[in-house]
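Here is a brief report on one model.

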Amino acid sequence: MAESYKFPSTKNYKFRELKVYASTEWLADNKKKYRQVFDRYETTYVYAELSFYNKLFDIDDWEIDVELKCYSLKKGRKEICSLSFENRKVSKYDATVYIREGWGNKNEGQFWKKGTYYWEAWIEGEKVATKYFYIEDAGKNAVEGENAYLEVQSLKLYEGPYDDVSEDDRSYFRQFSSEETRYIYVEILLKNLHVTKSWQCELFTKFYNDARELKGQVVRLQRVEKREDMIKITAGWGSNVKGSWRKDRYTAELIFMDRLLAVIPFQVSDDFEEGITPVLLPDRHSPIVLSPETDIHQTFEDVMARLDALIGLKQIKQKVRDHARYIQFLQLRKEKGFEEKDEINVHSVFIGNPGTGKTTVAGMMGLLYKKMGLLSKGHVHEVDRVDLVGEYIGQTAPKVKEAIEKARGGVLFIDEAYSLARSNDDSKDFGREVIEILVKEMSNGEGDLAVIVAGYPKEMKHFLDSNPGLKSRFKLNFEFSDYLPQELSKIAGYACEEKRVALTAEASRKIDDIIINAYRSRDRSFGNARFVYDIIEEAKINLGLRTMSNENPRALSREAISTINYEDVEKIAYKPKRELPDIPVDIALLDIALGELNALIGMKNIKKQINEMVNLVKFYRETNKDVLNSFFLHTVFVGNPGTGKTTVARILTKIYKALGILERGHMVETDRQGLVAGFVGQTAIKTAEKIEEAMGGVLFIDEAYALTQSPGSAHGDFGGEVVQTLLKRMEDLRGQFFVFVAGYPDNMETFLKANPGLNSRFDKVLKFEDYKPVELSEIALYMIHQKGMQIDEAAKEFLLDYMHFIYEYRDKYFGNARTVRSIVNDAIKNHNLRMASLSKTLRKKLDEDTITIEDLKSFTKDKESSIFTKKSIGFRKQS
């Protein structure tokens, strides 16, 4: 028996491997499709495969205890399952033993969510192995068969030793020498299509000979950071000993999530042959040469022509052309033997209001510099304060250096750069450390980098004054003026083409009037091109509302539902906009939510606005139109205390969920305290965490005006950093969450004007009026019934009369429903005191649950009562 071979110091097995897979398909040699990265919506069960060598092979049968455990690392370590195999029989005929088991759900996308997980293998009570795996989520709506994560941009082959070759020293071949070749490497450049979140990329590179025998396989597991545009990977196979590659035809094949991305053929023969090998793609019939340079055939003049094609920006275009010509002049002098004392300066300051084309021109500058040989790549890496400033001491420098390396070869574009220098005397701000590192990089760094900083005129002057070295490094200043009305009119025409609508002559003239009036009254918050896009969006929405009021909208022609007329433009008052995940409308939930809304007392205008929006969204969904590109749903709730702002926000969130606009449909409620931290650098982190919590739902910020009202010194308040972080995320994560801000009318107007970006982001306003006396009375009756009480007719009449009185003499502190609740609570207290003063016998003769006018006598029509007298700051008079 097996027991005779068990000794205290020996084991009957030797651990071999722990692997992970999801497909139950069998491959040759008892193998599976082993992986570590899986797509959520393609995954049902995730399996662990434990294998070990049988030391009693061909000797005896025996038994073993095995346990496989799976854990999630999302929000801490959490056990998902524990699978036990007690007294598992091991046959003497099995040299290698495999134990396979999985966990999940038969429906794809139901059980596994995005996150990091791992399997643990235990044999005889001893942990022998751990294997991590990752579930990624690029969205349920990815088209079947399409890759929603990445796209192949470039594949090149080169030769080198075991420890690879630096990028600058690589020579690319299409044919290799059999006698001189060591490792054959594939240089892989992938475009990141899933830029909104960080994720794990697992890439298999398989080398086959002409007989389709697997020569070697390299697996690369690489974390891709959020907003990282490109993914670079190298994978090589061979030996440090030359001659390991035989003369033959080979292929290197790239596999990602069980999908073939590309095949690159090559040949090993007598000699090396330089060149770029054409690549075979699954969806193409013939090989193509892939290159990361989409502008490979563009000349300098081609790039300038693209710049000239932009609407407006006449002075900017001329200055860019003059700057480019001067650089060419300096390069010519260098060719003729002249030595210049200073390097060619490519660092710029872009000054201008929102929507003036700063980011677009920055991209053009990168291409121009590349064409002139000043930059190796010409791409643009865009960052802001949140991407550069660390939370604690020592964290900022690594973040800045990482951003610089990602931009190396192209343009580092720092939007709202002035936020790095909050105040000239704030020595504790880590933004200053960013500036110092940038100055050092621009002075004596590795080069191959252009830094462009952008922001509003006044703030950028403050930024440049914050460090003596900045002005000397940024010698190029480009001032982006506001677009002229005639230029904005052209942009409106371009916006109509993008939105696939047309303007009648009358509507076009009305749009021009709106533009001229807005231009005349503009301030620093004027949105320029963004403003024009917003008014075209709203005109399109009004077209939709008009269409839906038709008795039979489906009978209308294509021209009728795509032509904006004068009436649609005339109604423009504010602006919506947005985009939608393909989640079906939940009719039952929608009916419940609308029922809750319509059951609220008062709020006729708000109910009308919301019901119209619901009807329009339903029509867009039914006709397969893009909802979120037609609606902006970040919303401002304006009203005095107790007018139902939070209640409506919760109902509106439920409506958005029912319409399929929100993925999760939850609402995260917070205020200034939940967003602002007490130390430098922590506010952006705290705000980002709240946004992450609200992803797929709504972030509701109560008393939002407190973010722009500093309690003390402007230098010591971080509410502005919350606003900057919010604005950036609302733009970058468009459609993934909505922001509701609420507050009192006067304060919210000040809040929206505090930052130039706020007005253009929050274009949906719900105004909550004070409740009328009749509505206040209805609210009181509702609250009384909720308490299980009744009220007699005389008390009802008194209550209504009293509501007229408090409404007439209300001030800005009036609490509306909150005041009513206080009145109801006092009335019930008076009722209970009256009942308590009676004997038990007498109480039985009365209706103990009915409020009478006796219980309301304490509510006198006295303007000096506590309801109207507010405590003030000062000294209390001594008696």
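Contact here means heavy atoms within 4.5 Å. The model is predicted.

## Helix 21 and helix 22

With contact defined, the pairing of these two helices can be listed residue by residue. Helix 21 contributes Pro-773, Val-774, Leu-776, Ser-777, Ala-780 and Leu-781. They meet Lys-796, Leu-799, Leu-800, Met-803, His-804 and Tyr-807 in helix 22. By class, this contact has nine nonpolar, two polar and one charged residues.

Helix 21 covers residues 773–786, and helix 22 covers residues 793–808. Their axes lie 8 Å apart, at an angle of about 130°.

## Helix 5 and helix 6

Helix 5 spans residues 396–407 and helix 6 spans residues 431–444. They pack with axes 10 Å apart and an angle of about 40°. Helix 5 and helix 6 are therefore oblique to each other. Helix 5 passes helix 6 in a right-handed crossing.

On the helix 5 side, the contact is made by Thr-396, Ala-397, Val-400 and Ile-404. Helix 6 answers with Glu-433, Val-434, Ile-437, Leu-438 and Glu-441. Six residues of this contact are nonpolar, one is polar and two are charged.

Five strands form an open sheet in the order 2-8-7-4-5. Its pairing is mixed. Strand 2 (37–39) and strand 5 (78–90) are the edges, each pairing on one side only. Neighbouring strands are turned by 20° against each other on average, direction ignored.

Strands of a sheet pair through backbone hydrogen bonds, either parallel or antiparallel. Which sense joins strand 4 and strand 5? Strand 4 (residues 62–72) pairs with strand 5 in the antiparallel sense, over 10 bridges. Ile-64 has Arg-88 in strand 5 as its bridge partner.

## Confidence

The chain averages a pLDDT of 84. Of its residues, 89% score at least 70.

Where does pLDDT stay under 50? One such stretch is residues 1–8, with 12 contacts beyond four places in sequence. Another is residues 868–879, with 10 contacts beyond four places in sequence. Where pLDDT is low, the predicted coordinates should not be read in detail.

Key: Residues numbered from 1 in each chain as written. Predicted model: local features only at pLDDT ≥ 70, side-chain atom pairs only at ≥ 80, totals over all residues. Heavy atoms only, no water. pLDDT = per-residue confidence, 0-100. Axes fitted to C-alpha atoms, helices over the stretch in contact; angles between N-to-C directions. Helix = DSSP H or I, 4+ residues; strand = E, 2+ residues; numbered from the N terminus. Nonpolar A, V, L, I, M, F, W, Y, C, P; charged D, E, K, R; others polar. Pairing = 2+ DSSP bridges. Parallel < 35°, antiparallel > 145°, perpendicular 65-115°, else oblique. Left-handed = near helix turned anticlockwise from the far one by under 90°.
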